[in-house]
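Let's take a walk through this structure together, one part at a time. Have the sequence and the 3D view open as you read.

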Amino acid sequence: MKTFAEQNFPGRLMAVEGLDGSGKSTQIYLLKRWLEAEGIKVYFSEWNSSEIVKSATSKGKKRELLTPTTFSLIHATDFADRYERHLLPLLRAGYLVLCDRYVFTAFARDVVRGCPPEWVRGNYSFAALPDITLFFKTDLEVSLNRILEGRPKLKFFEAGMDLRLSTDPYESFRIFQGRILEQYIGMSEEFKFVVMDANENVEKQQSIVRKLVSDKIDLKKYRRRSPLPLPPAFQPAEVKEHEEDLAAA
Amino acid sequence: MNNAQTKKPCRFFYGHGIPRVKLEDLAGKLIVVEGADGSGRSTQIARLVDWLETGGHPTVQVGLKRSTLVSKELEQAQKGNILSRTTLSLFYATDFADQLENIILPALKAGFIVLADRYIYTLMARDMVRGMDDAWLKNLYGISVIPDAVFYLSVQPQELVQRNLAKNATLDYWESGMDLGLSRDMFDSFLKYQTAMQGAFRKLQKTYGFTIIDGNRPVGSITKDLRKKIRLVLAEKPATD
């Protein structure tokens with residue numbers, strides 16, 4: 001696997017990875033705001049948000065139809081759709097693409113679910129590697145507390161309930177997240193993750209992120225020269241699912 | 001020791017397989033019929049089901065785009081022709097995996113005969129013709145269980161075109177490979193695409209070693225041929241004629 005820069009794409013892709021509650025989404029959002037203000041051609045893409053595959057994914061999740069294999073494949077389908085229809089053309093057109101989660105999320109999660117690592121990696125081998133991958137590493141307890149503080153209703157697959165780790169969703173989530181963290185740590189070196197101390201305060205982390213991006217990417221090259229607006233963001237699937245739930249209620 | 005005499009059917013996955021499945025539990029038989037639209041595939045399968053069930057064999061059928069999980073979405077996406085090739089390929093693999101885990105494997109475990117109206121080979125051939133990487137496909141479909149028999153009904157593209165037109169008065173967009181831009185003329189495109197598909201099947205045959213059946217012959221003699229071969233597969237429990 002090669003990075004987009006190594007494949008001579010004019011654009012660059014940066015991904016953030018980490019556990020739920022590691023603060024990665026906040027960081028990438030703040031980064032995006034800064035890049036927009038700097039007049040950079042930037043595009044933000046979220047995991048699990050392809051329009052076409054969405055209805056199948058949410059049906060599979062709601063009705064608990066998914067096995068580790070189909071869970072993995074349907075997310076790969078979702079990723080492929082975003083990759084082929086959005087990411088590739090944007091990277092060809094010289095955009096700086098920011099991804100909230102990338103293939104590593106699948107590598108970690110699907111393997112914890114019991115899929116063979118070589119199989120999962122092989123399925124995603126059509127995708128180039130990010131030019132920068134930030135791994136927001138927190139102590140397990142810190143990220144668990146951030147998520148579990150409000151005692152939210154955890155979804156079946158989100159809590160890893162399909163793994164039968166525990167009948168208590170909160171306990172199941174703890175064990176599941178712990179195993180995912182191990183996978184991330186195991187991949188850190190191999191995929192040259194830039195490890196961020198996500199226990200640090202938000203502002204300080206953001207200034208580190210911004211410095212790192214301006215050091216590693218020649219931002220001048222990504223300035224918008226035309227009066228064209230930035231491409232519209234796609235409404236993430238989660239939000240719509242929530243709306244559907246509300247409508248159904 | 002009597003164990004040496006009780007031959008347990010050896011079963012394997014093509015690759016990594018499905019997590020936590022015990023292969024030795026899969027006592028049934030998996031029989032696959034492959035072939036283009038108009039190759040007589042559905043006719044032969046219907047006849048085989050009749051024959052097998054009359055002979056007292058519990059039978060289950062599977063086919064492409066029939067999963068609970070994604071068949072509807074896949075149909076929609078195909079109509080709009082909006083998916084790129086990797087996406088479509090993975091979507092079909094999801095459909096296949098769902099049927100593999102929810103129908104094929106449980107049925108084999110229960111000792112049923114599973115008749116598959118196409119299996120991974122058609123999916124792989126379609127993708128190969130569209131330029132997907134062979135190694136990528138091999139890994140992806142490493143989840144699948146190796147069938148007890150695979151029959152590929154081979155019919156000349158010139159004959160396929162006649163049969164499809166006689167049946168529907170039109171050619172199907174996908175079976176003509178119109179997404180590939182081989183020709184703007186549907187008739188030409190159909191012939192070119194089906195020729196390419198046969199090439200892909202020949203290539204796959206070398207790796208997966210399935211039985212090629214000459215599908216240009218009359219329906220009855222093909223059925224006879226298939227029964228003879230399937231009887232061998234069912235060796236221990238011969239079906240009545």
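## Overall size of chain B

The radius of gyration is taken here over C-alpha atoms, and the globule rule is 2.2 Å times the number of residues to the power 0.38. Please keep in mind that this is a predicted model.

How does chain B, with its 241 residues, sit against that rule? A compact globule with 241 residues would have a radius of gyration near 18 Å, and chain B has 18 Å, so the two agree. Along the principal axes, the C-alpha atoms of chain B fill a box of roughly 65 × 40 × 30 Å.

## The elements of chain B

Chain B is built from eight helices and five strands.

## Helix 1 against helix 8 in chain B

Helix 1 (residues 41-54) of chain B packs with helix 8 (residues 219-233) of chain B at an angle of about 50 degrees, and their axes are 10 Å apart.

Which residues of the two helices meet? From helix 1 of chain B come Thr43(B), Gln44(B), Arg47(B), Leu48(B) and Trp51(B), and they meet Val219(B), Ile222(B), Thr223(B), Leu226(B) and Arg227(B) in helix 8 of chain B. Sorted by class, this contact holds five nonpolar, three polar and two charged residues.

## Where the chains touch

Now for the contact between the chains. Chain A brings 26 residues to it and chain B brings 27 residues. On the side of chain B that touches chain A, helix 2 (71-80), helix 3 (85-109) and helix 5 (134-140) of chain B each supply at least two residues. Helix 3 of chain B gives the largest share of that side, with nine residues. By class, the residues on this side of chain B are 14 nonpolar, nine polar and four charged.

## The sheet of chain A

In chain A, five strands form an open sheet with parallel pairing, in the order 2-3-1-4-5. Strand 2 (42-46) and strand 5 (194-197) of chain A are the edge strands, each pairing on one side only. On average, and with direction ignored, neighbouring strands of the sheet are turned by 20 degrees against each other.

Look next at strand 1 (residues 12-18) and strand 3 (residues 96-100) of chain A, which run parallel and are joined by five bridges. Here Val16(A) has Asp100(A), in strand 3 of chain A, as its bridge partner. Helix 8 (residues 202-216) of chain A packs on the sheet and touches strand 1, strand 4 (132-137) and strand 5 of chain A. The direction of this helix makes about 160 degrees with that of strand 5 of chain A.

## Helix 6 against helix 7 in chain A

Helix 6 (residues 140-148) and helix 7 (residues 169-187) of chain A cross at roughly 140 degrees, with axes that come within 11 Å. That makes helix 6 of chain A oblique to helix 7 of chain A. The crossing of these two helices is right-handed.

Leu140(A), Ser143(A), Leu144(A) and Leu148(A) in helix 6 of chain A meet Tyr170(A), Arg174(A), Gln177(A), Gly178(A) and Leu181(A) in helix 7 of chain A. By class, the contact has five nonpolar, three polar and one charged residues.

How values were computed. Residues are numbered from 1 along each chain as its sequence is written. Chains are lettered from A and ligands numbered from 1 in the order in which they are written. This is a predicted model: local features need pLDDT of at least 70, side-chain atom pairs count only at pLDDT 80 or more; totals for chains, interfaces and linings use all residues. Two residues are in contact if their C-beta atoms, placed from the backbone, lie within 7 Å. Helices (H or I, at least four residues) and strands (E, at least two) are DSSP runs, numbered from the N terminus. Ala, Val, Leu, Ile, Met, Phe, Trp, Tyr, Cys and Pro count as nonpolar, Asp, Glu, Lys and Arg as charged, and the others, Gly among them, as polar. Axes are lines fitted to C-alpha atoms, for helices over the stretch in contact, and angles run from 0 to 180 degrees between N-to-C directions. Two strands pair if DSSP finds at least two bridges between them. Angles under 35 degrees count as roughly parallel, over 145 as roughly antiparallel, 65 to 115 as roughly perpendicular and the rest as oblique. A crossing is left-handed if the near helix is turned anticlockwise from the far one by less than a right angle, and right-handed if clockwise.
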